[in-house]
Amino acid sequence: MTPGIAIALAGGLAIVAWIAARSFLAARLRRALFENSLDAVARDALARWLPQAERMPAALRDRLERLTAVFVGEKAFAGCGGFQVTPETKVAIAAQACLLVLGRNTHVYDRLHSVLVYPSQFVVPGEWHGEDGVVTDEPRVLAGESWDVSRVILSWEDVDSRGDPGEAYNVVIHEFAHYLDHESGGAPWIGGSGARQRWLRLLDEELERLRALAESGERTFLDPYAAEDRGEFFAVASEAFFEEPAAFARELPALYRALAGVYRLDPAAWIRNGG
Ligand SMILES: [Zn+2]
């Protein structure tokens, strides 16, 4: 073996050892965060920001608190445009994001590195595809954005304005639903090609139905913005699924059942059982 090959081999081994050590430490940190869960102050904050938590079965609430502790401990939160991130801000965002993955046995937003929080809606420059596929370079004003799997951007004003009764507006659920969609290539973690095809067929049927209703000016249960495309449909439907589950199950029963299968959760039952 020449000295050059030996040095390259040693370098390669060092990198492998470094990666192994890093993932070992990350797994250990995650276990500790999960086992310690939230403290009493953070648990109170979670209950304030996520009224659904009070109604869900105790075992699910316990898991939600632990997942939230992992999210808060693992992800970097950055205040932008003068916004000050507080421990309560973190719990508010983390708990709502973790609601979406509560029914899964896999890890929590593994590839997500950071959450960026602006005080209010923010301006994003650059080219984008508008309605009808028209490309424009007008800056957009957004309440949230999730364009890749390493970060999510939110406007705190919009996070804070959720929860009006009868309104299913929840920017955290919306953006993290987009995140899950990106992470799994447009059919959120549905195993098996048959199930995936059934999900996409239903999604397209419901999307077409919503478009037809919206175009004829009729009332729609989902915000008509959902008619934009598959991605927006999934994000808007996810907001309504968690924020207005009982009405959703009544108005769009087939879609409700499909989403209950996707999320492996039945939030309408939490309300029935909670009285
Ligand atoms: Zn969206």
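Me: A nonpolar core is a set of buried Ala, Val, Leu, Ile, Met, Phe, Trp, Tyr and Cys residues joined through side-chain atoms within 4.5 Å. Which residues have the most contacts inside the largest nonpolar core?

Reply: This is a predicted model, in which local features need pLDDT of at least 70 and side-chain atom pairs count only at pLDDT 80 or more, while totals for chains, interfaces and linings use all residues. Residues are numbered from 1 along each chain as its sequence is written, and side-chain values use heavy atoms, with hydrogens and water left out. Buried means under 20% relative accessible area, exposed over 50% and partly exposed in between (1.4 Å probe, protein chains only). The largest core has 75 residues, and those with the most contacts inside it are F71, Y109, F176, L222, F248 and Y263.

Me: Which residues is L222 in contact with, leaving aside its neighbours within four places in sequence?

Reply: Contact means heavy atoms within 4.5 Å. With neighbours within four places in sequence left aside, the contacts of L222 are L210, F233, V236, A237, A240, F248, L252 and L255.

Me: How many residues has the second, separate core?

Reply: C80, L116, F122 and L142 are included in this second core. Its number of residues is six.

Me: How far apart are the end C-alpha atoms of helix α7?

Reply: The expected span of a helix is 1.5 Å times one less than its number of residues. For the 13 residues of α7 (residues 171–183) this should be 18 Å, and the end C-alpha atoms agree, being apart by 18 Å.

Me: Is L13 buried or exposed?

Reply: L13 is found in helix α1 (residues 3–36). Its relative accessible area is 57%, so L13 is exposed.

Me: How far apart in space are K90 and V72, C-alpha to C-alpha?

Reply: K90 lies in helix α5 (residues 87–99) and counts as partly exposed at 28% relative accessibility. Leaving aside neighbours within four places in sequence, K90 is in contact with V72, F77 and V85. K90 and V72 are 18 residues apart in sequence, and their C-alpha distance in space is 6.2 Å.

Me: What percentage of the residues of the protein count as buried?

Reply: The protein has 12 helices and eight strands. Of its 275 residues, the part that counts as buried is 43%.

How values were computed. Helices (H or I, at least four residues) and strands (E, at least two) are DSSP runs, numbered from the N terminus.
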